[in-house]
Each structure stands twice: as C-alpha cells, then as structure tokens.
Amino acid sequence: MPTTPEHRTVRFATGEPRLAPLTWSQRYYLAEMDAARPLGRGLTIRRVYELRSGVDEQTVMGALRDLLHRFEGLRSTVVRAAAGGLQRVHAEGVVRVAVHDVDGAREETETAAAVRDELAATPFDVVEEWPVRAALVNRAGRPRFLVLVFSHVAVDAYALLPVTDHLVSAVAVRHPDWPAARSPEPGRRPHEQAAAEADGPALRSADRALRRAAEVFRAMPAAPAARAGVQAGDRYRFLSRTSAALDLAAGAVSLRTGESVATVLASAMVAVDAHFAGGSVGYLQLLAANRSRPETVNAVVPCSQPVPFSVPVAGSSFPELVTATAAATLGALRFGTYPPDRLAEVHRAVERERGVRLDITPTLNYRPRAGSLPRRAVTEAELERSTAAGRTRWIDSDLGWSSTRYLSADVSESGVRLVLQVDTQVHSPAWAERWMAALERLLCAAATRDLSARELTRVVEESRTDKSGVDMPLSGTERTVVLVGAGVMAEGYLRAAQRMGLGVGLVETSARHAELAPGFPCIVDFEPVEGAPARDEAWLPPAMTLAARLNPDAVLGFAEPHVLATAILQHRLGVPGPGLDAATVSRNKAFQRGEFARAGLPQPAHRHTVRLSEASEWALGRLPVVVKPVSLQGSMGVERIDTPEQWTDVVRRRDEEGPLLVESFVEGPEYSVEALVRDGQVLFTNLTRKETTGAPYFVELFHEAGHGAERPVLRKAADELCRAVVAALRLDTGIAHLEFRARADDDLVIMEVAVRTPGDHILEIISLAHGFDVYEACLRLALNEVPHLPPAGQDPARSAGSLFLGADRAGVLTSLDLTAWTALDQVVRHDARLAPGAAVRPAENSGDRLAYAVLDCSGPAELAALTERLRASARVDITDPGSG
C-alpha cells in the first residue's frame with residue numbers, strides 16, 4: 001500500500017509559450033477520454049522505471065526537468081474549443097512529485113505498483129493538469145523506482161519510446177520488454193505535427209482515407225441489437241487469455257502463410273466475428289501507429305488512430321482469408337491519418353444511406369514488445385499438451401474504449417497476452433468467453449494444416465454453440481450485388497457469387513431469369529426488363545427499382561446495353577465502378593476518338609458523320625476505310641470498304657442509319673488487353689491474340705488468352721497502351737477491354753475500349769490461363785476489395801482459348817455434329833449457338849457464328865494443334881436457300 005508521501009517540485013522553464021491545434025490523433029484520444037470519464041475510467045499509459053543503483057533524488061528530479069524541457073507535449077494542456085480543440089504549450093511551470101519512503105525490497109516493489117495504480121485511478125483533467133503524473137519510491141532515502149502515468153492525449157505507446165530512452169540514459173534501468181526508440185533523430189513536436197496536418201498534402205491524404213473508410217462502411221455488416229438490462233457502470237468487462245498453445249499457433253500460422261503475427265490475429269478476429277454474427281463479411285479497425293515517416297517515427301506525440309477495413313469471409317479458406325486480410329490492411333494503413341470528427345460524419349452519412357446502424361468500433365490493438373514471437377512449425381500433439389496450461393480470467397482495468405469489442409494483443413518473444421474488452425450492452429460475458437475460445441481454436445487448427453472454408457466454419461461453430469447445443473442469436477446481413485444483365489457469359493459471376501456467399505439481385509428479362517433461377521440459389525431478388533433489351537434506356541428503371549429494395553453493397557453490369565444504367569446506379573449509391581465519365585465514353589466510339597486524340601494516343605484517322613454521304617470526299621481519298629456504328633458491339637455494323645464502287649454501295653445502304661464513324665483501315669493482326677483496375681490503378685493485365693474472318697466484316701473466330709510469353713516487346717507495349725487508355729478515360733474501378741491492331745510489336749493502334757465484360761468467353765479463358773477466377777476478382781473489385789491476383793509479371797500458367805465455327809456459305813443449317821469435341825479433355829466445354837433449321841451465312845457479326853468451344857492446353861503449340869483438330873472434326877451441313 002502507498003505510504004503518506006512527501007512532495008517535491010520540479011520547475012521547468014524553456015522555450016516560448018504557444019497555442020496550436022490538437023493533432024488528429026490527440027483529438028481521437030481526447031474523444032475516447034471524454035467517453036470513458038462518465039464511467040469513472042481514464043485512458044492512461046503507466047510505467048514504473050527501476051532506477052540505477054547510486055542515483056540520488058536530485059539527479060532523478062533533474063532528469064524529470066530535462067524530460068519536460070525536451071518534450072513539449074508533456075508540458076501542454078488542452079484548451080476546449082470548436083474545430084477539434086487546441087493545446088497550450090507552456091514555457092514554464094511546476095510539476096509535483098510524490099515521494100514515498102519504504103523499508104524493505106519487497107515493500108518497495110509492492111508500493112511502486114500500488115502508487116502506479118493510485119496515480120492512474122482518477123481520469124486526467126487535461127484542461128487543468130499536466131499530462132504526466134509522477135511519484136518516486138525510495139528505500140531508506142535512496143531512490144528505487146520512478147512511477148510515471150501519462151495521459152493518452154500526450155503520448156501513445158510509440159511516443160513513450162523516446163521518453164524511456166531519455167530516462168534510461170539518465171537514471172533508469174531498461175526492462176527487457178522495452179524496445180529502444182527506432183531512430184536517434186528527434187521527431188516532430190506536437191505543434192509541428194498539427195501544422196503539417198493542416199497542409200494540403202495531409203488534407204488530400206485524409207480525403208482519400210475517408211473515401212476508403214466510406215467504402216468499407218458500405219461493405220460491412222449491420223450492427224447487432226443492444227442487450228437489455230445492463231447498467232452503465234457494469235458496461236465494460238475485460239477477459240484475459242494467456243496460453244502456450246496460442247503462442248505456438250500464432251507463430252506457426254505466421255510461418256505457414258508468410259504473413260505477420262498481426263495479420264494472422266486480425267484474420268482470425270474477422271473470421272470469428274463474421275461467423276458469430278452469421279454474416280459473410282468480416283470488419284475490423286486496426287489501431288495504426290502511423291510512424292513510418294522519419295518526422296513521426298520518434299515524435300513524442302500520439303500518432304495512433306484506428307483504420308477500418310473489411311474482407312469477405314464466406315467461401316474463403318483460412319490461408320485465403322489471411323492473404324485477403326494482408327492486402328486489405330495494407331490498403332487501409334497506407335492512407336494514414338484523418339480528422340476523427342470527419343470519420344464520424346462519414347459513418348453517420350453511410351448509416352443514413354444504407355438505412356441501418358453500423359458498429360465501426362471492433363478494434364485490434366496489436367502491441368509488439370522488444371522481442372519477436374518465435375515462428376516455427378508445430379504438431380497437433382504439442383498444441384494439445386499446451387492448451388491445458390492456458391489461463392482465461394476476468395480482470396479489472398482502468399481502461400474503457402468506446403468499442404463493442406476491443407482486443408489488445410501484447411506480443412513478444414515470451415508469448416501472446418490477449419485482453420478482450422467487451423461491451424456487455426451488446427455482447428454477454430458468456431459470448432466473450434466463447435469468442436476467445438473460438439479465436440484460439442481457429443489458430444490452433446490452422447497451425448498444422450490449411451483450413452478449407454468448410455473446416456473454418458466448423459471450427460468456429462464448435463465454439464459459437466453453447467454446451468447445451470443452442471445457437472447464440474445471430475445478427476448481421478448478407479451482402480448483396482445487383483447484376484444488371486446476365487447473358488451466358490455472365491454465369492461466371494453467379495458461380496463466383498454463390499461461392500462467396502453473396503446474394504444477387506438480378507435485372508434481366510423474365511425468360512432469362514426463369515432459366516437461371518433454378519441453378520443459382522444465390523439469386524435472391526429479380527426485376528424484369530420491359531421493352532427492348534438491346535436499348536440502354538430499358539435497363540435503368542428496373543435497376544433503380546431493384547436497388548431501392550435491396551440497398552446493395554455492389555452493382556455490376558454485364559454487356560454494352562447495361563453499362564450506362566450500371567454506372568448511373570453505382571454513382572447514385574456511391575459504390576465502386578468505372579465512373580460515369582468512363583462509362584459514357586466507352587459507350588460511344590466517337591467520344592473515344594475525341595478523348596484519345598486529346599491524350600495523344602495512337603488511333604486511326606477518322607471522321608464522325610451523321611450522314612455517310614457527307615464523309616465521301618474524305619473516305620474516297622483514303623481507301624480502304626472502315627465504317628462502324630458508334631455504340632454497337634459484337635462487330636455489328638462494322639465493314640471494310642476497299643473501292644469507290646463499294647463506297648457508293650455502302651452510302652446507298654446506310655446513309656440514313658444515323659451517326660457513324662469512318663476510319664482509315666489499319667493493317668495488322670488484332671489483339672486485346674484485359675485489365676483489372678482499382679482506384680485508377682491497373683492491378684492486372686492479360687494479352688489476348690485474335691483470329692478473325694477477312695474483309696469486309698472481321699468477325700472474331702478465335703481468342704488466345706495469356707499470349708505473348710515469347711514476345712516481350714508486344715506485351716510491354718500493350719501494357720503501356722492499356723495504362724494510358726485507363727488514365728485517359730479516368731477509369732476508377734472495374735474491368736477494361738481494349739482492342740488494338742499491331743502494325744509491329746511496338747507500333748500499336750487503338751480500335752476501341754469497353755468497360756464491361758468482354759465477349760467470347762474471354763474472362764473464362766483468362767481464368768484458365770492465369771490460374772485465378774477473374775469473375776470473382778471483378779466481384780471483389782465491385783465490393784471495394786482487393787482481389788486475389790497472380791504476382792505482377794508472372795507468365796501465364798497455361799494456354800487457353802475460345803474457338804468459334806463459322807459457316808462457309810449462306811443457306812439453312814441442316815445438321816451440326818460436334819461429337820468429336822466431346823471426348824477431348826482439353827475441351828472444357830462447348831455448345832452449338834445455332835440450331836438446325838436456322839438461316840446461316842458467312843459471319844457478318846458475332847451472332848452469325850455456329851458453335852463455340854472453351855479450350856485449356858499446356859502451351860501455345862498444343863492449343864494451335866487442338867484448334868485445327870476441332871475445326872476439321874466438326875460436321876456442318878448447310879443446304880442452299882429454297883432447296884428441298
């Protein structure tokens with residue numbers, strides 16, 4: 001117990017007084033302190049320094065004075081004011097130090113701990129008192145321990161490192177768990193950090209961080225309802241867990257996955273949260289140190305702030321979840337700090353937008369100590385033996401974060417100590433005990449094997465269900481995606497959505513919905529398209545109607561007529577998409593020509609004309625030329641004109657058609673680049689080689705994904721051109737499908753670009769060639785997640801292609817026999833596109849093709865040979881029109 005102390009005074013006098021704004025982190029901690037005060041709790045950092053033998057009291061007081069001189073945040077007080085508050089830096093003042101004198105060694109240790117707790121018992125009055133309280137414990141008149149308690153408005157854990165270094169250099173003994181400061185250079189002072197945050201770059205960075213936070217809030221699950229009958233004073237409880245099995249498992253999973261222990265713990269936390277809530281998405285905020293820059297690494301001012309992120313859990317194995325969490329947290333952390341009042345505004349705005357209550361407070365505070373947790377492989381037997389020695393207990397704490405669940409993880413070479421603060425107005429103590437058990441059980445299971453999605457669910461469910469077998473109440477909502485249009489090549493989206501546990505609201509014709517619904521139970525709602533489905537304007541009314549019912553987390557469009565309705569809906573809901581401007585430009589080839597000319601990108605010479613005859617002089621001087629509509633797809637209406645006679649004929653046929661482009665014909669083979677883009681950054685590109693019919697229509701008959709392994713110049717040029725087009729379009733998030741011709745491998749000319757699913761099964765063959773599901777990646781982009789992608793620059797693992805058969809003459813299709821294709825393993829699937837009895841002709845657009853096959857081969861040579869074999873083995877019978 002503390003003795004009745006004497007008091008000493010430490011006077012400081014240094015520098016100039018000043019008044020400055022609070023930093024963003026200080027404002028965060030001040031708000032947390034204000035929320036904890038009515039509960040009788042404070043937010044403090046407590047430290048007991050053992051003093052070196054022979055140090056006298058005068059030396060200790062001198063070290064304290066020097067500490068106050070050196071770090072202005074320790075001699076500052078808060079001025080309550082609008083716009084976040086101010087801090088007053090004092091040039092002079094007096095700090096009182098309580099001095100306790102005891103007799104024995106055991107008594108001095110116990111007294112130091114009791115004095116520490118006593119100093120922290122009363123919340124700081126940051127307006128009226130210094131943000132540090134000090135006491136000295138002497139034994140027989142000789143200083144033994146210096147006890148300091150700091151307000152969190154003045155320091156966080158990293159700010160304490162330079163403070164500790166100063167005291168260790170002067171009077172104290174370094175404890176093994178206390179890391180040294182990471183740089184000898186002094187960091188920014190609080191008023192300097194506040195000034196930097198008011199500058200343009202920091203404000204722009206904050207805007208980006210807040211936009212990302214809004215996207216996370218739109219993806220996260222709704223909050224559970226509060227529990228009734230919990231008194232305010234009993235609201236927060238603290239569950240501690242230490243376990244040798246937890247230590248071994250966390251290190252082993254980190255080793256297996258190649259990710260940090262912090263990422264592993266975050267992954268386990270979001271997995272347990274999502275399964276306990278019955279949802280498909282895990283949400284968490286990390287308490288970020290924000291100490292990566294030289295000016296903040298050693299700053300004695302708090303820099304920590306929570307940063308939110310979310311990851312999909314349903315359908316993910318635990319290794320996949322760890323990878324996704326690593327990507328999501330990296331994306332969240334790189335945006336840095338922000339004004340906390342603006343985050344609160346974003347939170348309220350998204351709640352109003354979604355019409356649900358959102359709990360953004362679940363937090364992981366990962367606190368690494370001096371040594372690193374050992375990382376090594378373990379066995380199930382080791383884990384089983386170690387589990388029995390674990391200890392779970394409810395403890396007292398003077399902390400009280402405004403969080404429904406706040407996990408503090410102290411991690412060092414000696415192990416992991418978890419303390420879970422639980423808000424009992426939301427979760428019961430029994431819930432917290434099962435939550436903690438589930439976290440450890442999951443990590444132990446993942447330490448020795450790669451847990452599949454099914455195993456992950458089973459492991460967590462074993463802890464979520466109580467001993468009587470009664471499930472705990474579920475809360476949260478299923479994430480939904482509105483899919484605008486769902487032709488045959490959109491079924492990959494439905495398969496991926498089903499695997500990811502997403503609900504799909506479908507905008508389609510009634511007939512197409514009837515085809516899809518039995519095979520895809522993920523379709524949870526439907527709105528029919530009326531009128532002409534080929535028209536852009538047919539899709540917006542039903543899309544808006546469905547979105548009003550579902551309040552979806554994402555919107556995805558399929559084909560050209562869906563692009564504008566999708567972009568408008570994405571814009572109104574504030575969910576990721578290519579952007580209204582990129583979508584508009586992509587739907588109009590004349591717009592593209594204007595934008596690419598302005599950006600200086602290579603494209604054909606061209607004329608945009610309302611009447612084809614008005615371009616006659618220009619076209620006749622540049623034959624051959626290509627005539628094309630400005631907004632159709634699938635080669636519809638595209639034809640090459642070689643002679644004046646052909647020009648006269650096309651003018652006769654199409655002069656009244658409406659706006660058309662007339663372009664110089666570009667010699668060279670055709671290719672396309674498919675790119676996945678997030679926040680304007682190209683994450684992945686694929687090069688596709690094409691084979692087409694000849695003039696005049698150039699209908700595509702073959703696509704080879706993953707082309708170019710032996711043509712690095714072409715691949716590099718295509719990648720650079722694609723990135724330039726993405727920048728010119730200002731494409732934000734989604735897919736880009738850029739078609740071009742190559743006069744040489746380093747001389748490329750743009751044909752057109754689209755911001756929708758490429759046709760001809762291209763996404764499917766990209767998935768086969770590169771070894772990942774591109775449909776799932778597109779859904780994750782739409783949900784504002786970072787998709788799982790191959791490493792940058794990695795060559796395709798396979799050669800994949802899509803083959804189409806065309807008719808060699810006009811007539812009536814009497815039979816189409818593809819039996820020879822069925823037995824070939826490399827044919828992933830195939831089907832007829834036209835049935836016997838259909839009128840056929842040599843292809844003038846994509847709709848004229850007879851059949852298709854998706855091919856998966858080990859390399860380009862095998863793919864080429866298979867293609868020829870399939871063409872030769874197909875049996876096609878066509879009769880002349882009118883015969884028989």
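Leaving aside its neighbours within four places in sequence, which residues is serine 664 in contact with? Hold that thought while we set the ground rules. This is a predicted model, where local features need pLDDT of at least 70, side-chain atom pairs count only at pLDDT 80 or more, and totals for chains, interfaces and linings use all residues. Residues are numbered from 1 along each chain as its sequence is written, and side-chain values use heavy atoms, with hydrogens and water left out.

Back to serine 664, then. It is found in strand β23, residues 660–664. Helices (H or I, at least four residues) and strands (E, at least two) are DSSP runs, numbered from the N terminus. Beyond its neighbours within four places in sequence, serine 664 is in contact with Pro604, Ala605, Trp618, Arg622, Pro624 and Val625, where contact means heavy atoms within 4.5 Å. Serine 664 counts as buried because its relative accessibility is 18%; buried means under 20% relative accessible area, exposed over 50%, and partly exposed in between, using a 1.4 Å probe and protein chains only.

Serine 510 is found in helix α16, residues 510–516, and it is partly exposed, with a relative accessible area of 46%. Setting aside neighbours within four places in sequence, serine 510 is in contact with Phe526 and Pro528. Between those two sits glutamate 527, which is 17 residues from serine 510 along the chain, with 8.3 Å separating their C-alpha atoms.

Now zoom out. The protein has 27 helices and 34 strands, and its C-alpha trace spans about 120 × 65 × 50 Å along its principal axes. Of the 884 residues, 56% are buried. Among contacts with a separation of 6 or more, 74% are between residues 24 or more positions apart. The protein exposes about 35900 Å², with carbon and sulfur atoms supplying 51% of that; the areas come from the Shrake-Rupley method with a 1.4 Å probe, and for residues only the protein chains shown count as cover.

On to the strands. Strands of a sheet pair through backbone hydrogen bonds, either parallel or antiparallel. Here, two strands count as paired if DSSP finds at least two bridges between them. Strand β3 (residues 44–50) runs antiparallel to β8 and is joined to it by seven bridges, with valine 48 standing opposite valine 147 in β8. Strand β7 (residues 132–139) also pairs with β8 in the antiparallel sense, over eight bridges, and here arginine 139 stands opposite arginine 142. β7 and β8 form a hairpin with two residues between them, and alanine 140 in the turn has a positive phi of about 55 degrees.

Further along comes an open sheet of seven strands, with mixed pairing and the order β11-β10-β12-β14-β15-β9-β13. β11 (305–312) and β13 (391–395) stand at the edges, each with a single partner strand, so one side of each is left without a neighbour in the sheet. Neighbouring strands of this sheet are turned by 25 degrees against each other on average, direction ignored. Inside it, eight bridges join β14 (residues 405–412) to β15 (residues 415–423), running antiparallel, and valine 411 stands opposite valine 416.

There is also an open sheet of eight strands, in the order β28-β27-β24-β25-β26-β29-β33-β31, with antiparallel pairing. Its edge strands are β28 (747–754) and β31 (827–832), each pairing on one side only. The twist averages 20 degrees from one strand to the next. Within this sheet, β29 (residues 799–805) and β33 (residues 851–857) pair in the antiparallel sense over seven bridges, and alanine 800 stands opposite aspartate 856.

Finally, a helix pair. The axes of α6 (residues 200–219) and α11 (residues 340–354) come within 10 Å and cross at roughly 35 degrees. Axes are lines fitted to C-alpha atoms, for helices over the stretch in contact, and angles run from 0 to 180 degrees between N-to-C directions. On the α6 side, the residues that meet α11 include Leu210, Ala213 and Phe217, and their counterparts in α11 include Leu343, Val346 and Val350.
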